[in-house]
Amino acid sequence: MELFEHYLAKKNKHMKNIINFLLFVIVCFAAHFIMNVNGFFIIPEIARVILGCPPPVYLINIALVVYAFSAITIKLCSIAYHKEFVYDFNDLGYCSGFFFFYSLSGALAINFMPVAIIGLIVHLLNLIHYTLSTNYTTTELIID
Amino acid sequence: MKKIMLFLVFFVVYATTVIATVSPALTASSGMGLAYCFLGICGLIIFFQLIPVLSVAYGIIRALFSKKEQTYEEHN
């Protein structure tokens with residue numbers, strides 16, 4: 001019975017993981033589609049006055065580097081220490097945020113590939129961590 | 001531990017302040033919506049991503065340079 005419940009939970013997590021990855025791919029396709037458009041000039045004039053200037057590109061680059069370094073380190077540490085896989089949409093949100101700000105700054109065409117590659121690496125590490133963690137828990141349950 | 005937490009809080013405040021003041025685009029007086037949004041994302045990255053990494057790095061460095069080494073013979 002416990003094994004069956006574990007199987008259902010695993011299936012649920014597996015579906016969420018796939019949905020997360022698919023959403024990331026959809027976001028990447030959408031960003032690629034609007035790559036050559038400056039998002040700031042699509043916004044109406046009144047909203048532009050309220051929102052103000054978009055952040056400069058070099059600050060977004062610094063934030064992207066910090067995010068990439070820390071996210072990859074965290075994923076590798078959690079894989080190395082056999083931590084339980086915790087499901088979240090954080091990485092999807094961060095990648096979408098970077099696409100959004102690059103689009104507003106008009107530099108998405110140059111910086112599309114770095115964001116996409118970093119997001120892909122983080123999501124692949126997520127998938128590896130998930131696969132390894134489910135293998136551990138299943139083995140422990142079978143041994144018990 | 002208290003000192004480390006104090007240092008990390010100080011670091012977050014300092015980093016966000018530096019990001020806010022370093023660019024004239026972020027200190028423009030007209031509208032600050034996008035700037036605050038970007039600063040919020042920077043704060044999230046620092047608080048939820050960078051601080052755990054720094055604490056892990058601190059733990060690794062502390063373990064590397066600690067003098068409490070136990071040989072195999074002493075252990076047995």
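**The helix pair between the chains**

Modeller: Helix H3 (residues 57-80) of chain A packs against H2(B) at an angle of about 45 degrees, and their axes lie 9 Å apart. Axes here are lines fitted to C-alpha atoms, for helices over the stretch in contact, and angles run from 0 to 180 degrees between N-to-C directions. This is a predicted model: local features need pLDDT of at least 70, side-chain atom pairs count only at pLDDT 80 or more, and totals for chains, interfaces and linings use all residues. Residues are numbered from 1 along each chain as its sequence is written, while chains are lettered from A and ligands numbered from 1 in the order in which they are written.

Now the residues. In H3(A), those that meet H2(B) include Ala63(A), Val66(A), Tyr67(A) and Ile74(A). Their counterparts in H2(B) include Ile41(B), Ile45(B), Leu50(B) and Val56(B). Contact means C-beta atoms, placed from the backbone, within 7 Å. By class, this helix contact has 13 nonpolar, 3 polar and no charged residues. Ala, Val, Leu, Ile, Met, Phe, Trp, Tyr, Cys and Pro count as nonpolar, Asp, Glu, Lys and Arg as charged, and the others, Gly among them, as polar.

Step back to the whole contact. Chain B gives 20 residues and chain A gives 20 residues. On the side of chain B, helix H2 (residues 33-65) gives the most, with 12 residues. That side has 15 nonpolar, 5 polar and no charged residues.

Note on methods
Two residues are in contact if their C-beta atoms, placed from the backbone, lie within 7 Å. Helices (H or I, at least four residues) and strands (E, at least two) are DSSP runs, numbered from the N terminus.
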